[in-house]
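Please look over the chain shown here before reading on.

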Amino acid sequence: MYQVVHTIMCENPTKKMWDSYLYFESEPTTKAFLQQTYEKLNIPKANVYAFQNASKFIYYIKQARQYYVSAVNSDLLVQPLLLYYGMVSLLKAYILTRDPDYPSNTRVLQHGVTSRKIKKNYYSLAEDEVKVQKEGLLPYLHSFLSKENLKEKYRIQSLLAVIPELQPAYQKLYKQTSLIPVSLSSHRNYEKLCTIFYLPESVLDKVHLTYNGFIHYLNRYNEGQGVFLPSSLEVPKGIIRLEWHHPNQIHVTESGDGFANKLFLHDYKGNFFYKIKMETDYNISEIVNHYMIMYVLGMLCRYETERWGEIVFSFMSEDMYMIQEFLALSARKFPNLVYDLLLEERHIFQTD
């Protein structure tokens, strides 16, 4: 899906990321970008569509930027709503690159998800659910990101469980571990095109497999050309050593799709994580994941104002810790994810 990885060293990663979006706020560069994208998709009259959609695309990006700027400078009382509509604007820009006639009908402008009615006497974010509708922005977006079907509903805790940057907060709050950091060797083997990495030996107990059985288990979820192989070298007790081989990639950090395996995720700094469980809830695009969670928070903020105020301003809710962590992360990461989607390349913005 992603061709390459670009690591951009800078003093302010968030500012640099948004500055990179300025490329899409110029009419000549946007027209050229859209035409190239449409031609790559074999869409007839690509030049005509590019001319027609340039202004619309630019305003989607500019509007998204303003939503995010306003959100960062706003109170928590309204922040989720601003971030949600910033997401929507970015996603509309992306969908326009895949469907030059978007929106072709009003149905695709609906949210595409609903949240259940909140009980008056008790609310838990982790136990809340989001239900996927047959039509609307979310299912239409998903159709461009994955061939797999979405479930009818998702539990919020399951969605939070597979966001790498939230794992420390997730473990503290829910007393569970859903992701394990992968320790990569920085050594480049130019002869074998091999990446060496390490995991705690306890992962074998979690999946009830031997070392070799675990290797076969990993390879079942490969989506690219990479292959996992055992390592013959001895390692200290308590860890296991594995190898990832790819015919074209020297090291996994240089691969646009990382391990290209459903059991591995990466954060916006390029660190990798292993998913302990392989379930449908844990196997959706992170963009879809963020959208679902932010929708629930946005609707809570908008339609359950009193409840939201109690969560934000009282000391009685354990949800506030995770909510603040998620809002801060999503404000930084979601625009980065969409930027990667637009260019079909991964971009890691890091401090010098």
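The sections below go from the domains to side-chain pairs and then to the backbone.

## Basis of the model

This is a predicted model, in which local features need pLDDT of at least 70 and side-chain atom pairs count only at pLDDT 80 or more, while totals for chains, interfaces and linings use all residues. Residues are numbered from 1 along each chain as its sequence is written, and side-chain values use heavy atoms, with hydrogens and water left out.

The domain assignment gives domain 1 (4-172 + 284-350) and domain 2 (179-275), with bounds that come from an automatic or database domain assignment. The centres of the two domains, taken over C-alpha atoms, are 29 Å apart. Domain 1 brings 17 residues to the contact and domain 2 brings 15 residues, where contact means heavy atoms within 4.5 Å.

About 1,200 Å² is buried between domain 1 and domain 2, with carbon and sulfur atoms giving 58% of that area; buried area is the accessible area (1.4 Å probe) that two parts lose on being put together, summed over both.

Glu 148 forms a salt bridge with Lys 262, and their closest N and O atoms are 2.5 Å apart.

In the whole structure, the search finds 11 salt bridges. One of the salt bridges joins Lys 62 and Glu 25, with the closest N and O atoms 3.5 Å apart. This pair links distant parts of the chain, with Lys 62 in helix H3 (residues 46-72) and Glu 25 in the loop between helix H1 (13-20) and helix H2 (27-40), 37 residues apart; helices (H or I, at least four residues) and strands (E, at least two) are DSSP runs, numbered from the N terminus.

## Aromatic pairs

The structure holds 30 aromatic pairs, counted when rings of Phe, Tyr and Trp (its six-membered ring) have centres within 6.5 Å, with planes under 30 degrees apart called stacked, over 60 edge-to-face and the rest tilted. The ring centres of Tyr 84 and Tyr 295 lie 5.8 Å apart with the planes at 65°, so this pair is edge-to-face.

## Backbone points

The peptide bond from Tyr 102 to Pro 103 is cis, with omega near -5°, and Pro 103 lies in the loop between H4 and strand S2 (113-115). His 208, a residue other than glycine, has a positive phi near 60°, and His 208 lies in the loop between helix H8 (202-207) and helix H9 (211-219).

Technical notes: Salt bridge = Lys/Arg side-chain N within 4 Å of Asp/Glu carboxyl O.
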